[in-house]
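User: Please take a close look at one part of this chain, and describe how its pieces are arranged. Keep to what can be read from the model.

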Amino acid sequence: MGEVCKVLIVDDEMLIRQGIINYIDWEQEGFQIVGEASNGKEAMQLIAEFSPHIVITDIVMPIMDGIDLVREGKKAFPDIEFIVLSSFEDFNYVRSTFQNGVADYILKPKLNGADLLRILNQIISRIPDLQHCAAAAKPERSTEEILESMILGYDFSLEKAALANAFPNSQFALVSVHGKNLDPNQLKTMLKRSILQEMPVFALNSSDTETILLLNFIPRQLDGIKRTIEHQAMETPDTTWVMYEPFDVIDDLKRVHDDGRSQIKKYLFYLPESPLFFYDGLPEENEKQASFDLNHFIEMFKDRLFKAAFTYLENHVDYLAGRYNNDSFEFKSFLGNIVFNVIVLLDSMKYDTQDIEQKKYTYFSTINEAKHVNEALDQFNGFLEEVRNVMLIGDKANDQSNNFDKILAYIEQHYTEPLRLSEIASHFHFNASYLSSYFSTHHKEGFSEYLNRVRIKKSMELLENSTVSISNISGMVGYSEHSYFCKVFKRITGMSPGSYRKEHQIHHENEEKGLSDLKK
């Protein structure tokens with residue numbers, strides 16, 4: 001009896017590893033799991049220890065990822081076969097691993113026991129010491145599986161003959177459908193029925209949010225196909241249908257897929273509500289205009305020409321949102337750069353940026369993660385609205401502070417007059433209750449108390465520097481009742497006006513006597 005096929009499973013997610021282990025009955029199928037690893041570094045140690053025949057590895061892992069594991073593993077152990085696990089986002093990443101000798105790949109969303117066992121049997125049929133483990137008849141891959149491998153860059157030269165029999169017609173076209181909860185088989189059947197003519201349709205690389213269909217047709221069917229796709233786009237709400245440029249040979253599948261997908265990804269970002277895109281009828285983008293002058297924007301902001309600065313910015317953002325061939329990363333980077341610079345400007349101009357500074361990284365991440373232009377603009381416009389609020393509150397506070405200084409100056413000039421809070425509020429266009437509250441909050445005492453302190457201070461100066469009678473002084477500083485003046489004076493200074501004048505005179509006489517003694 002020959003050797004059992006030893007398998008090592010490598011994935012940083014324990015649940016994925018356990019799922020793979022439970023997909024098939026490994027021992028019954030002639031395999032042995034010799035170990036599990038959570039990254040490439042651990043895997044290399046286990047490979048050296050257990051010498052597995054096959055390694056099933058994820059791509060994105062910490063410490064050492066799947067790409068490095070395949071490269072280093074093949075270099076140190078050239079006979080080991082690698083199967084790569086991949087998500088749809090990793091297509092380009094997966095392609096690079098094939099250059100390092102990957103035997104096959106499995107898309108994580110489509111991972112199941114039957115496909116895993118089929119691929120394992122295909123691989124062990126190529127290992128001389130393990131051919132007894134392989135199924136008696138080598139399982140054949142379906143046309144759709146071969147086409148999916150082609151899109152990923154897999155070598156399909158040995159299966160060209162099988163593909164030739166699958167395509168009776170001379171032209172091909174890729175159609176992608178984007179939406180939620182998509183059923184690729186249902187879409188495939190719907191399209192075939194709608195065209196009403198015999199035409200092979202294949203579902204490729206499908207998920208619940210995107211289905212890619214390959215159509216094999218004759219040239220005279222093209223107009224009918226377009227009409228059918230347009231009809232289906234209207235009949236299936238909340239979906240977007242895309243038809244890529246037709247091509248003549250199946251060898252061009254990968255090129256057409258990659259080029260078309262790269263272009264249409266941009267249109268889907270900038271025009272998320274459009275239900276239909278045809279390769280020969282894509283919307284025209286805005287004509288190229290001058291680049292955004294950040295220094296000009298900053299200077300306008302510093303000069304407090306806020307309306308002009310925001311208008312300049314918003315016009316350029318509208319322009320960029322209509323540049324459909326620009327990468328979405330470029331658009332998002334521009335918005336993020338503006339967020340950063342505006343916060344720096346606000347802080348340099350002494351606005352209160354504490355709250356908006358705390359939200360800065362939230363704005364960065366939500367803009368960066370936006371799936372389409374409207375999501376990014378919603379976040380960016382929300383940021384600009386908050387900027388306007390920060391400026392409004394700051395400017396209002398400055399205006400109130402300036403008005404308050406004017407009120408204090410007014411009191412200094414008119415303290416001898418009968419002043420009332422309501423009259424001052426009316427004079428400066430304030431609500432009386434608001435002014436009373438503002439006065440208490442920002443000056444640490446009420447209006448009446450402040451007015452008394454101003455008047456008493458002035459009376460103290462008169463008591464010290466003049467011989468005017470106390471009764472006259474009370475009237476001169478704004479008190480109509482002499483007794484009330486004396487009461488307030490004592491409360492604030494701790495003594496009566498007469499005692500204060502007498503004490504000041506004694507102090508002054510002692511100072512003069514001291515000076516006279518010094519002169520002798």
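This is a predicted model: local features need pLDDT of at least 70, side-chain atom pairs count only at pLDDT 80 or more; totals for chains, interfaces and linings use all residues.

**A helix and a sheet**

H13 itself covers residues 328-348, 21 residues in total. From the first C-alpha to the last, H13 reaches 31 Å, close to the 30 Å expected at 1.5 Å a residue. At the other end, where H13 starts, a side-chain oxygen of Asp327 comes to within 2.7 Å of the backbone nitrogen of Phe329.

Now the sheet. Five strands form an open sheet in the order S7-S8-S6-S9-S10, and their pairing is mixed. Strands S7 (201-204) and S10 (276-278) are at the edges; each has a single partner strand, so one side of each is left without a neighbour in the sheet. On average, neighbouring strands here are turned by 20° against each other, direction ignored.

Within the sheet, strand S6 (residues 171-178) pairs with strand S9 (residues 240-243) in the antiparallel sense, over four bridges. Val175 has Met243 of S9 as its bridge partner.

Two helices are in contact with these strands. Helix H9, residues 222-235, packs on the sheet and touches S6, S8, S9 and S10. The direction of H9 makes about 165° with that of S9. Helix H8, residues 184-195, lies across S6, S7, S8 and S9. H8 runs at about 35° to S8, the strand of residues 210-217.

Technical notes: Residues are numbered from 1 along each chain as its sequence is written. Side-chain values use heavy atoms; hydrogens and water are left out. Two strands pair if DSSP finds at least two bridges between them. Axes are lines fitted to C-alpha atoms, for helices over the stretch in contact, and angles run from 0 to 180 degrees between N-to-C directions. Contact means heavy atoms within 4.5 Å. The expected span of a helix is 1.5 Å times one less than its number of residues. A polar contact is a pair of N or O atoms within 3.5 Å; within protein, one must be able to donate a hydrogen and the other to accept it, and residues adjacent in sequence count only if both atoms are side-chain atoms.
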